[in-house]
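Take a look at the sequence and the fold below. The report then walks through them part by part.

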Amino acid sequence: MKVHFWGVRGSIPTPLTPEQVQAKITACVERITPKDLESEDSRMKFLASLPPWIYGTIGGNSPCVQLTADNGSTFLLDAGTGLRAFSKQNLHSENKHYHLFFSHFHWDHIQGLPFFEQAFDARTRIDVYSTFPAAEKILSEQSRRPYFPKSGSWDSMKNQFHFHLIKEGEPFYLNDVLIQCHKMKHPGNSYSWSFTENGKKFIYSTDVELQSSDFDKSIPQNHFFADADVLVLDSQYTVAESLQKENWGHSTFCYAIDFAELWNVKKMYLFHHEPTYDDKKIHYILQSGKTYEDYKTHCNVELYLAQEGQEFTV
């Protein structure tokens with residue numbers, strides 16, 4: 001399976017501000033020396049030496065993750081503004097069949113759907129998988145007038161959508177991929193999804209406020225997370241901020257690390273980044289997470305940041 005992050009921000013799209021761009025330029029200029037400018041090779045080495053928060057960005061689109069199965073099937077996990085980026089990049093793809101999975105229907109997870117250009121093509125088929133019986137009604141109301149023009153409304157694309165109601169505890173196969181869902185704590189409920197193919201297990205778990213019960217191995221449902229090869233997990237807050245935002249439905253990076261360690265997860269990507277955090281702070285959270293791991297005993301979880309445009313194989 002191949003994973004591509006099209007949107008990794010939580011709550012609301014977060015473009016770089018002019019001040020943030022200026023801060024990156026200033027930080028770059030402060031580090032450069034005349035020797036770094038002597039040749040193309042020295043310039044490239046200088047750029048490669050820059051911290052990732054300067055030479056790059058986490059990205060500003062809200063959640064959308066593409067999972068491409070070994071058999072070629074395209075799974076899209078949530079439909080935040082990252083879905084528009086996916087749409088533009090794959091507009092002329094021969095693949096006209098998409099499997100769209102929703103964790104839940106809060107605005108940041110659906111706001112890209114009216115900009116999914118393939119959905120307006122009668123040759124496209126979009127199979128929607130959700131645990132919410134009202135999924136079709138919810139999406140039909142998203143782009144109705146006066147909030148959206150008639151040409152881009154639900155009526156203009158509804159024929160391409162086919163809805164499937166999924167129940168927790170009832171795994172199913174889709175093109176040889178084993179799929180399961182698991183309910184987590186979040187206002188209005190949110191569901192994590194696992195995908196297993198050829199012995200590899202990938203879990204998408206956004207908008208999750210981890211509870212002590214999630215660490216309880218005596219609860220059979222919790223083994224949903226056991227032995228995952230890759231876990232994409234909501235890690236929106238620092239500990240200090242989480243204390244101020246209890247019951248907001250999001251987790252901290254250190255609890256996420258504890259959770260991944262308990263369930264023997266091999267690799268974890270911190271996801272659903274706080275919109276008020278700039279690139280520098282988010283990279284600082286990653287470093288704090290790695291420092292936290294160093295103080296723990298027998299913690300072998302490989303820790304990464306989910307970044308827009310990033311792609312890897314499970």
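The sections below cover the basis of the model, its sheets, its helices and its cores.

## Basis

This is a predicted model: local features need pLDDT of at least 70, side-chain atom pairs count only at pLDDT 80 or more, and totals for chains, interfaces and linings use all residues. Residues are numbered from 1 along each chain as its sequence is written, and side-chain values use heavy atoms, with hydrogens and water left out.

Helices (H or I, at least four residues) and strands (E, at least two) are DSSP runs, numbered from the N terminus. Two strands count as paired if DSSP finds at least two bridges between them.

## The sheet from strand 6 to strand 14

Seven strands make an open sheet in the order 6-5-4-3-2-1-14, with mixed pairing. Strand 6 (161–165) and strand 14 (311–313) are at the edges; each has a single partner strand, so one side of each lacks a neighbour in the sheet. From one strand to the next, the twist averages 20°. Angles run from 0 to 180 degrees between N-to-C directions, with axes fitted to C-alpha atoms, for helices over the stretch in contact.

Strand 1 (residues 2–7) and strand 2 (residues 64–68) run antiparallel, joined by five bridges. Gly-7 has Cys-64 of strand 2 as its bridge partner. Helix 3 (residues 82–89) lies across strand 1, strand 2, strand 3 (74–77) and strand 4 (97–101). Its direction is at about 115° to strand 1.

## The sheet from strand 7 to strand 13

Another open sheet has seven strands in the order 7-8-9-10-11-12-13, again with mixed pairing. Its edges are strand 7 (172–174) and strand 13 (302–305), each with a single partner strand, so one side of each is left without a neighbour in the sheet. Here the twist averages 25° from one strand to the next.

Strand 11 (residues 230–234) and strand 12 (residues 267–271) pair in the parallel sense over five bridges. Val-232 stands opposite Tyr-269 in strand 12. Helix 6 packs on this sheet, touching strand 11, strand 12 and strand 13 (contact: heavy atoms within 4.5 Å). Helix 7 (residues 279–295) lies across strand 12 and strand 13, at about 170° to strand 13.

## Nonpolar cores

A nonpolar core is a set of buried (under 20% relative accessible area, 1.4 Å probe, protein chains only) Ala, Val, Leu, Ile, Met, Phe, Trp, Tyr and Cys residues joined through side-chain atoms within 4.5 Å. The largest has 80 residues. Phe-5, Phe-101, Phe-195, Phe-202 and Met-268 touch the most other members. Helix 6 (residues 253–262) gives the most to this core, with six residues.

Apart from this core lies another, of six residues, including Phe-46 and Trp-53.

Notes. Buried means under 20% relative accessible area, exposed over 50%, partly exposed in between (1.4 Å probe, protein chains only).
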